Amino acid sequence: MDERIRYVALRRTLLYVLFCNLGVALAKVLYGKMAGVASVTADGFHSLSDGASNIIGLFGLAFAFRPADASHPYGHKKFETFASLGIAMLLFGAASEIIREVWTRLSTSHIPEIRTESFAIVAVTILVNTFVVFWEKSVGRKWRSDFLLADALHTQSDIFVSLGVFGTLVAVRLGLPWMDTLTALVIVGLIVRAGIAIIRESSRILCDANVLHPEAIAHVVREIPEVQGCHKIRTRGRADDIHLDLHVLVDENMSVEEAHRISEEVEQAIKQKFHGVTDVTVHIEPTTEKEEHQ
């Protein structure tokens, strides 16, 4: 995978999505202010968090695609994963804002006048956000970007919020203002769940959880004729930047040159079978040591 092409594709996607999110937020905030519809205004400010997450992503990607150096010999790709934690924080902030808005509405008896334009604005923004979610998920899966997939979840939460606002407008129009509170609380639950999912996945990467199943790797390595066994298989990193190390057992009389060739063959076999593996460290052991590990 050409990292430069990947970086350009992700950056271009984030810039387009940022433009869409700012347009959606501006439309809702301006209309909500002019029409005096608090729920639409609040939804607009919530949409601004989508734009903020795009800006975080642009900075995160700029760091993530820097080449490895003396300070970061394994590269900077985890900066992208770390940036996705910022999105989780924005999700929790949005949930807190909705709770605050619910509390404010409960303490007042103001019921806004709902007009046709209110439904039209919310409906159009839902369509735009739906397009953004599918687009980000598609690009994120293609280029294996943690951040784009996390950002898609964030934008998806905005769709839930907008749907809740749409339902609230209908409920208020029908004289059922209590539906406003119920819908808002459901939305809070969905947003918090999305934030927890992002933190869980990001933590697996940052805390070096296993990425590939050891037995699947062992099966590939054992297919090489000269290999008599393997163990101590470990993997870590992101789906597009997997670091792997393992111990390979070979004939004790094998020459150093031949052992080195086997080591390279193991590395190539693993990289061909498992896309995303960027670094393989092979420890060669003579078969006499096999019994010591049993």
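How are helix 4 and helix 5 oriented to each other, and what angle class does that give? This report on a predicted model starts there.

## Helix 4 against helix 5

Helix 4 spans residues 116-143, and helix 5 spans residues 146-173. They pack at an angle of about 160 degrees. Their axes lie 9 Å apart. Angles over 145 degrees count as roughly antiparallel, so helix 4 and helix 5 are roughly antiparallel to each other. Helix 4 passes helix 5 in a left-handed crossing. By class, the contact holds 16 nonpolar, eight polar and six charged residues.

Thr155 sits in helix 5. Its relative accessible area is 0%, so Thr155 is buried. Leaving out residues up to four places away in sequence, Thr155 touches Asn21, Asp50, Asn129, Val132, Val133 and Glu136.

## The largest nonpolar core

In soluble globular proteins, nonpolar side chains tend to be buried together. Here the largest nonpolar core has 36 residues. Leu10, Ile98, Leu169 and Ile191 touch the most other members. Six elements are listed as giving two or more residues to this core: helix 1 (3-35), helix 2 (38-64), helix 3 (78-106), helix 4, helix 5 and helix 6 (178-206). Helix 5 gives the most, with eight residues.

Take Leu10, one of the residues named above. Residues up to four places away in sequence are not counted here. Leu10 touches Leu61, Phe65, Glu80, Val139, Trp143, Ser145 and Leu148. A second, separate core has 21 residues, including Val220, Val227, Leu246 and Val277.

## Helix 7 against helix 8

Two packed helices are described by the angle between their axes and the distance between the axes. Helix 7 and helix 8 (residues 256-273) pack at about 130 degrees. The distance between their axes is 9 Å. Helix 7 and helix 8 are therefore oblique to each other. The crossing is right-handed.

Which residues of helix 7 and helix 8 make the contact? Helix 7 supplies Ile217, Val220 and Val221. Helix 8 supplies Val266, Ala269, Ile270 and Lys273. By class, the contact of helix 7 with helix 8 has six nonpolar residues, no polar ones and one charged.

## Val280 in strand 3

Val280 lies in strand 3 (residues 277-286). Is Val280 buried or exposed? The cut-off for buried is under 20% relative accessible area. Val280 has 9% relative accessibility, so it counts as buried.

Val280 touches Leu244, Leu246, Glu267, Ile270 and Lys271, with residues up to four places away in sequence not counted. Of these, Ile270 also takes part in the contact of helix 7 with helix 8. Val280 and Ile159 are 121 residues apart in sequence. In space, the C-alpha to C-alpha distance between Val280 and Ile159 is 42 Å.

## Two positive phi values

Most residues other than glycine have a negative phi. Where does the model depart from that pattern? Phi of Asp208 is near 60 degrees, a positive value in a residue other than glycine. Asp208 is found in the loop between helix 6 and helix 7 (214-222). With a relative accessible area of 35%, Asp208 is partly exposed.

Lys232 also has a positive phi, near 50 degrees. Lys232 belongs to strand 1 (residues 229-238). At 47% relative accessibility, Lys232 counts as partly exposed.

Note on methods:
Residues numbered from 1 in each chain as written. Predicted model: local features only at pLDDT ≥ 70, side-chain atom pairs only at ≥ 80, totals over all residues. Heavy atoms only, no water. Axes fitted to C-alpha atoms, helices over the stretch in contact; angles between N-to-C directions. Helix = DSSP H or I, 4+ residues; strand = E, 2+ residues; numbered from the N terminus. Parallel < 35°, antiparallel > 145°, perpendicular 65-115°, else oblique. Left-handed = near helix turned anticlockwise from the far one by under 90°. Nonpolar A, V, L, I, M, F, W, Y, C, P; charged D, E, K, R; others polar. Core = buried A, V, L, I, M, F, W, Y, C linked by side-chain atoms within 4.5 Å. Buried < 20%, exposed > 50% of the residue type's maximum accessible area, 1.4 Å probe, protein only. Contact = heavy atoms within 4.5 Å.
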